[in-house]
Amino acid sequence: MGTFPDNKSSDRIAVIGGGWAGCAAAVKLSQAGKRVSLFEAGRTLGGRARRVEIDGRTLDNGQHILLGAYRATLDIMKTVGIDAGQAMLRLPLQMRYPAGTDGMDFIAPRLPAPWHMLTALIRATGLARDDKMALARFTTTARWMGWQLHEDCSVAELLERFDQTERLTRLMWTPLCIAALNTPPQRASAQVFLNVLRDSLGARRAASDMLIPRTDLTALFPQQAAAFIERHGGSVGCGQAVSSIAASAATSGRWDIGLRQSDETALFDGVVIATAPETAADLLEGIDGAFDTTPLRAFTYEPITTCYLQYPVQLRLKQPLYALTDNPDTTAWGQFVFDRGQLSHAETDAGLLAVVVSAAGDAIAQGHAALADGIAAQLARQLQNPLLKTPLWSKTISEKRATFSCTPALSRPDNTNMPPGLALAGDYVAGDYPATLEAAVQSGIKAASLYL
Ligand SMILES: Cc1cc2nc3c(=O)[nH]c(=O)nc-3n(C[C@H](O)[C@H](O)[C@H](O)COP(=O)(O)OP(=O)(O)OC[C@H]3O[C@@H](n4cnc5c(N)ncnc54)[C@H](O)[C@@H]3O)c2cc1C
């Protein structure tokens, strides 16, 4: 582990990157009395989970969903004054396809664990007895193994080993794996998948709840985080891209931070680098004797696309969230549809649907217009409402590097061997979780703790 400055409350710490990892680190450091300067290159805080303004309306760069198991995220939201009950809709764990499709209807009732899962299983429709037995076998065996594999393998291999049926794999495990790891089961890490299941399906009922934002993603945490940092004497600068980190020539053990648009540098006692890993590598490579940056450049990435479709304001789905059966052969690209009108506090969201296409490489290749048309047709078919075929307006947002590919036995860098007084944070840093808000927040808190 790198060495860190003596813990003085007067320490000045720079946090580079105002995504959820950087915001979490900056909040923790501010709370502990450090003087924090948060630098964010973009105009809006939040990084890959942020508000965007398009055609005069406020959307997100991608529809997000959180889990009751995201303990660090929920805690830090509370710290900055967010009421999670107001800011998010809490739904019981569910996988509910529209009636009339060849899907299933699985919903966990509000009973204590493990009764919520057992009852959900018994009541589930669209699953045969064999499928239900397979699901029970999966959870029992995984629990018996302590949710731990001797050697990591792909999720597809794990499902085969656990003798899961084709139908359960298609309707439950594949969408869950793609939603949680944004990596198809054939390439996804079984161990990381088990980690997520352990903390959700395998834990108390509330941990398995699905939490859907009712506000935009910047308002959900980063904006309040910035206000918290400023209340505690720190500063938050958007549009401030850090271009260099250099050991101070004047004061040993301190760091000079340079900004892209300025010749001046500022001196800090410590730095948290909470950017994407390649940017962290670029910044670290300018430092003599910095640690090996190869692992920071070794990630591969998966895209996520969100297609927003606006319908007349009266449109309201029967549920705020549906799973969809996807089939690229019939241009049915969408995996989940969210009724933003039911979810959002903003009146302007009435009639707005958000459809998520995870691990969306093939879908993006169609081009945005064809993708939106295909998804509108899929909604009309599966929700049995022909009006859905012709939205009044649509916008497709593709994030090509939404998450790292969460492959088996992936080596993720940590803060061991970092130069003294420098720490990494970000969803890619070593941890139990795939690239999620929780991984980002956990990494930020861990990086901050190195200075406390
Ligand atoms: C479309 C989409 C859907 C997703 N869905 C979910 C979901 O449903 N649930 C979930 O939990 N997770 C989801 N994720 C993943 C989640 O958004 C990320 O894991 C998380 O936001 C990563 O946060 P981070 O702080 O580690 O990185 P980032 O958000 O990438 O933050 C890095 C920040 O550093 C800034 N920066 C870069 N270079 C510099 C520089 N030189 N100087 C200053 N600042 C710099 C960037 O502008 C950025 O703001 C999704 C992601 C996407 C894209």
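A residue is called buried under 20% relative accessible area, exposed over 50%, and partly exposed in between (1.4 Å probe, protein chains only). By that scale, arginine 57 is buried, at 17% relative accessible area. This is a predicted model: local features need pLDDT of at least 70, side-chain atom pairs count only at pLDDT 80 or more, and totals for chains, interfaces and linings use all residues. Residues are numbered from 1 along each chain as its sequence is written, and side-chain values use heavy atoms, leaving out hydrogens and water.

**Salt bridges overall**

- Side chains of opposite charge can pair when their charged atoms come close.
- A salt bridge here is a side-chain nitrogen of Lys or Arg within 4 Å of a carboxyl oxygen of Asp or Glu.
- The whole structure holds 19 salt bridges.

**Arginine 57 and aspartate 349**

- These two side chains meet in a salt bridge, 3.9 Å from N to O.
- Arginine 57 sits in strand E4 (residues 57-60), and aspartate 349 sits in the loop between helix H13 (340-343) and strand E18 (352-358), so the pair ties together parts 292 residues apart in sequence.
- Helices (H or I, at least four residues) and strands (E, at least two) are DSSP runs, numbered from the N terminus.
- Aspartate 349 is buried, with a relative accessible area of 7%.

**Glutamate 302 and arginine 187**

- A salt bridge joins glutamate 302 to arginine 187, with the closest N and O atoms 2.6 Å apart.
- Glutamate 302 belongs to strand E15 (residues 301-310), while arginine 187 is in the loop between helix H7 (166-181) and helix H8 (190-199), so the pair ties together parts 115 residues apart in sequence.
- Glutamate 302 counts as buried at 5% relative accessibility, whereas arginine 187 counts as partly exposed at 38%.
- Elsewhere, salt bridges that share partners join Arg90, Arg110, Arg205 and Asp209 into one network.

**Arginine 50 and glutamate 399**

- Arginine 50 pairs with glutamate 399 in a salt bridge, the closest N and O atoms being 3.9 Å apart.
- This pair links distant parts of the chain, 349 residues apart: the loop between strand E2 (35-40) and strand E3 (51-54), and strand E19 (residues 393-404).
- Arginine 50 is partly exposed, at 26% relative accessible area.

**Surface patch**

- Leu111, Trp115 and Leu118 form a nonpolar surface patch, with about 290 Å² of accessible area together.
- Patch residues have over 30% relative accessible area and no salt bridge; like charges are joined within 9 Å, nonpolar side chains (Val, Leu, Ile, Met, Phe, Trp, Tyr) within 5 Å.
- Accessible areas come from the Shrake-Rupley method with a 1.4 Å probe; for residues, only the protein chains shown count as cover.
- Tryptophan 115 lies in helix H4 (residues 115-123) and is exposed, at 51% relative accessible area.
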